[in-house]
Structure formats: structure tokens, C-alpha cells
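Hi,

Here is the structure I promised to pass on.

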Amino acid sequence: MIHFAIVGCGHIAGKHIEAIHRTENAVLAGLCDTNEARLTQLASIWQAPVFTSLSEMLEQLPHLDVVCICTPSGLHADLAIEAAAAGKHLVIEKPLALTLEDTDRIMAAVAKYGVKATVVHPNRYRPAIQHLKAALEHEAFGKLSHISAAVRWNRNQAYYDQAPWRGTRAMDGGVLMNQAIHSLDLLLWLFGPVSETKAFADTRLRNIEAEDTAVAVLKFDSGVLGTVEACTTVYEQNLEETLTVFGEHGYAIIGGRTANWIKDWKCASMTEDDIRQRMDEVEQSPFGIPGHQCIIHDMVQALLEDREPAISLQDGRSAVKLVVDIANQGMQVRS
């Protein structure tokens with residue numbers, strides 16, 4: 001069995017715990033958080049030993065194999081490095097870190113101590129995205145002209161006021177780092193590296209340090225042009241998360257409030273029946289196997305097969321770099 005522990009038992013930790021519980025050859029061996037009331041509640045549900053510090057957990061549970069880092073993002077680097085130094089493999093929630101300096105510190109520690117590590121970018125495993133990835137690999141849409149990613153969501157002031165670290169640059173980041181990084185990772189995974197960025201970013205409506213609104217124009221190494229729009233300022237509720245691809249032989253729109261559905265798909269190399277079958281398949285199971293479960297399963301298999309995880313730290317760093325490029329340039333242009 002592969003023994004997992006969770007550090008940081010807030011909302012996202014529940015997805016990790018469920019994923020571990022549902023994955024063959026994985027077992028939850030420990031929980032760590034500074035909030036003792038939260039620990040007590042989780043321990044009563046999952047029957048796992050609890051700790052208020054990572055160092056204590058590492059000392060008391062030497063049989064641990066993997067540590068899942070689920071804390072506020074600004075804490076990722078120091079905790080990941082401490083766990084790696086103890087010889088533990090890592091599953092790190094997105095974003096890998098809030099700065100490129102911290103991402104490089106994590107990567108250096110992973111290399112130094114010879115452990116395996118992955119970053120949680122679960123949207124790659126959505127069925128609609130998997131269909132799009134396969135179509136792009138087969139060049140089904142021909143030469144691409146441009147693409148678009150939009151994250152038009154709501155995070156009201158009450159959301160940010162729930163915890164003092166939310167919306168801060170040191171611990172949380174803004175809409176790009178915390179919400180839109182999923183879409184930015186997909187852009188890089190689907191279309192390759194970005195060579196040029198032009199952007200605006202601002203804090204328009206929320207009382208936070210980081211940006212709540214950003215727009216950017218991208219040029220990929222391949223020559224494909226792209227746009228990004230991200231905000232947490234949509235009135236009252238999430239509106240949409242959409243990824244759109246345009247090519248010489250067709251186009252695809254993956255959307256909905258979360259990008260889980262094929263909203264439209266036209267392709268010269270596919271029959272209408274082929275397209276309808278694809279859309280029906282996604283409609284029947286738009287969420288598929290949860291992305292967190294896919295990532296935990298992949299880590300288990302990586303350890304059993306002695307290979308690297310599917311989502312690399314370099315993938316995580318590339319997403320962070322794109323966020324930094326957009327946010328930094330956007331704020332500079334604004335000022």
C-alpha cells in the first residue's frame with residue numbers, strides 16, 4: 001500500500017481524501033493542520049492520526065510515502081521542501097507556488113532528495129478536454145488560427161473575507177493564480193509554450209490585494225494567437241468557463257459554468273454522427289472520474305512502476321510563469 005498524508009485540511013483537502021479513499025493501493029495515513037477543531041472533525045470521519053505540525057507528523061509516521069500539500073499557496077514551498085528532505089513524495093495543489101523563485105526551490109529539493117512530485121491540474125482529465133486533446137493531436141481542425149479562454153466567475157467579498165489570507169499576494173494570489181490557472185494550464189498543455197504576452201490586470205470590485213480582473217493576448221511558439229479573460233467579479237454567480245479553438249477545418253467550444261461540456265463542435269474530417277456521438281458521450285458523463293482521483297492514482301502507479309508522474313513540476317512551473325507574465329505585465333501597463 002502507498003501511504004498518503006494531508007497537510008492543510010481546508011476545503012480542497014476533502015477532494016484529496018476522497019481520491020485516496022477511492023484509489024486502489026492508496027491509504028490515508030495522517031492529517032496535519034494548525035486548526036485543531038478541523039482536525040478533530042476530520043479524524044472522526046476518516047479514522048486517521050492527526051498532527052498540528054508537519055515535522056511532528058514526519059517524525060511520528062516514518063512509513064509515510066506521499067505528502068499532499070493542500071495549504072494556502074504561499075506555504076507550499078517550505079512545506080514541500082521539508083517533506084522532500086524527509087524522503088517523501090509530493091502531490092502539490094495548484095498552483096505549484098506563487099513565485100518562480102519558490103517553484104525553483106521546490107524543483108531543486110525534489111531533484112536533490114530523489115523523490116517524485118506532481119502538481120494538481122485536474123482539468124486535464126475532464127472527458128470533453130480529453131476529446132479535444134485527441135482531436136488536436138490528430139490535427140483534426142487543421143492549421144489553427146486562434147484560441148480563447150474565458151473564466152467569468154463570481155467570488156464575492158464574503159468569500160475573500162472568510163480567511164485573512166484570501167486575495168493576498170503572499171498567500172493566495174488573484175484570479176489568475178487561484179481560479180484561471182486551470183485554464184492557463186490547459187492552454188499550455190493543448191497548444192504549447194507562449195512566446196509573447198500583452199496584458200491588463202486590475203483590482204476592480206473586490207477589496208483584495210491581488211487582481212480580480214485580467215485580460216491578455218498571447219502568441220504561442222507555434223504562431224497561434226490567443227486571448228485570456230478572467231475575473232471573479234461577475235454579478236451574483238459563476239457565468240462560464242469556456243475554451244474555444246478555431247482552425248482552418250473546424251472549431252470546438254468547451255464550456256458551461258465549468259468547462260465540462262462540448263457546446264459546439266464542427267470538423268470537416270468528422271461526420272455529423274461522429275460529432276454527435278462524441279457530444280452525447282460527454283453529456284452522459286461530463287465530469288468523468290474526478291481529476292484529483294486520476295492524479296492520486298497516477299502517483300500510486302508512478303511509485304509502483306518507478307516512473308515520473310504524468311503532470312510534472314515543469315508543467316506546474318510553466319503555468320505559474322504564464323500567470324506571473326500576465327499579472328506583472330498587466331499591472332505595469334495599468335500603472
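Arg105 counts as partly exposed, at 37% relative accessibility; by the cut-offs used here, buried is under 20% relative accessible area, exposed is over 50%, and partly exposed is in between (1.4 Å probe, protein chains only). Before you read on: this is a predicted model, so local features need pLDDT of at least 70 and side-chain atom pairs count only at pLDDT 80 or more, while totals for chains, interfaces and linings use all residues. Residues are numbered from 1 along each chain as its sequence is written, and side-chain values use heavy atoms, with hydrogens and water left out.

What does Arg105 pair with? Its salt-bridge partner is Asp78, with the closest N and O atoms 2.7 Å apart. Asp78 sits in helix H4 (residues 76–85) and Arg105 in helix H5 (residues 100–113), so this pair ties together parts that are 27 residues apart in sequence. Helices here are DSSP runs (H or I, at least four residues), numbered from the N terminus. As for the salt-bridge rule, a side-chain nitrogen of Lys or Arg has to be within 4 Å of a carboxyl oxygen of Asp or Glu. That rule gives a count of 17 salt bridges.

In helix H10 (residues 272–284), Arg276 and Asp280 are four residues apart, or about one helical turn. The closest N and O atoms of their salt bridge are 3.3 Å apart. Arg276 is partly exposed at 45% relative accessibility, and Asp280 is also partly exposed, with a relative accessible area of 34%.

Lys133 is buried, at 16% relative accessible area, whereas Glu137 is exposed, at 55%.

Last item: is Val300 buried or exposed? Val300 is buried, with a relative accessible area of 0%. You'll find Val300 in helix H11 (residues 291–305). Leaving aside residues up to four places away in sequence, Val300 touches Ile2, Phe4, Thr23, Glu24, Asn25 and Ala26, where a contact means heavy atoms within 4.5 Å. For Val300 and Val50, which are 250 residues apart along the chain, the C-alpha atoms are separated by 22 Å.

Cheers

Conventions
Helices (H or I, at least four residues) and strands (E, at least two) are DSSP runs, numbered from the N terminus.
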